[in-house]
Amino acid sequence: MPRFDAQIDIDAPPETIWQVLSDVENWPNWAPTFTTIKLLDGGVAGEGANVWIKQPKLAGGHWVISEWRPGESFTWVSTRSGQRICGVHDIVEQDSGCRFEQSLIFDGWLSGVTAFMGRSLITRYMAMEAEGLKAASEALVR
């Protein structure tokens, strides 16, 4: 099961990071790796919410928020083309600030091919997203 991980330390409290992270429709403003994120269920993020995501160089896709723990984490899942993709977003409180950890986990018969072919783009996008979250969260603290 191919898996990609990225993490970054953020000098902000968990509630500030969650404020930025949980406003998923606003991600394109701080993460250039997203063109569009649209909540399809009346604009409310939470467990069971359906989300449309479009990213540069990638086809748009339907995701479902499968886990929503306010202030801590959320997970969304997309199933398409012979694979299941799971995106995990965790805020881990530390002595000074927090660490943001994200994972992209692929499963299914096409997952190995997708992960191999997309490795460079996936790694770059995840790093850009972590940096964007850090900048947006720390800007709110200043």
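Biologist: How do the axes of α1 and α2 cross?
Modeller: The α1 and α2 axes come within 9 Å and cross at roughly 125°. Axes are lines fitted to C-alpha atoms, for helices over the stretch in contact, with angles from 0 to 180 degrees between N-to-C directions. Helices (H or I, at least four residues) and strands (E, at least two) are DSSP runs, numbered from the N terminus.

Biologist: Before I go on, what kind of model is this?
Modeller: Predicted: local features need pLDDT of at least 70, side-chain atom pairs count only at pLDDT 80 or more, and totals for chains, interfaces and linings use all residues. Residues are numbered from 1 along each chain as its sequence is written, and side-chain values use heavy atoms, leaving out hydrogens and water.

Biologist: Which residues of α1 and α2 meet?
Modeller: From α1, T16, I17, Q19, V20 and L21; from α2, L133, A136, S137, L140 and V141. Contact means heavy atoms within 4.5 Å.

Biologist: Now the sheet. What is the strand order?
Modeller: β1-β7-β6-β5-β4-β3-β2, seven strands in an open, antiparallel sheet. Strands pair if DSSP finds at least two bridges between them. The edges are β1 (3–10) and β2 (36–39), each pairing on one side only. Neighbouring strands are turned by 20° on average, direction ignored.

Biologist: How many bridges join β5 and β6?
Modeller: Eight, between residues 73–80 and 83–93.

Biologist: Switching to charges. How many salt bridges are there in the whole structure?
Modeller: Seven. The test is a Lys or Arg side-chain nitrogen within 4 Å of an Asp or Glu carboxyl oxygen. One of them is R99 with D9, closest N and O atoms 2.9 Å apart. R99 lies in β7 and D9 in β1, so the pair ties together parts 90 residues apart in sequence.
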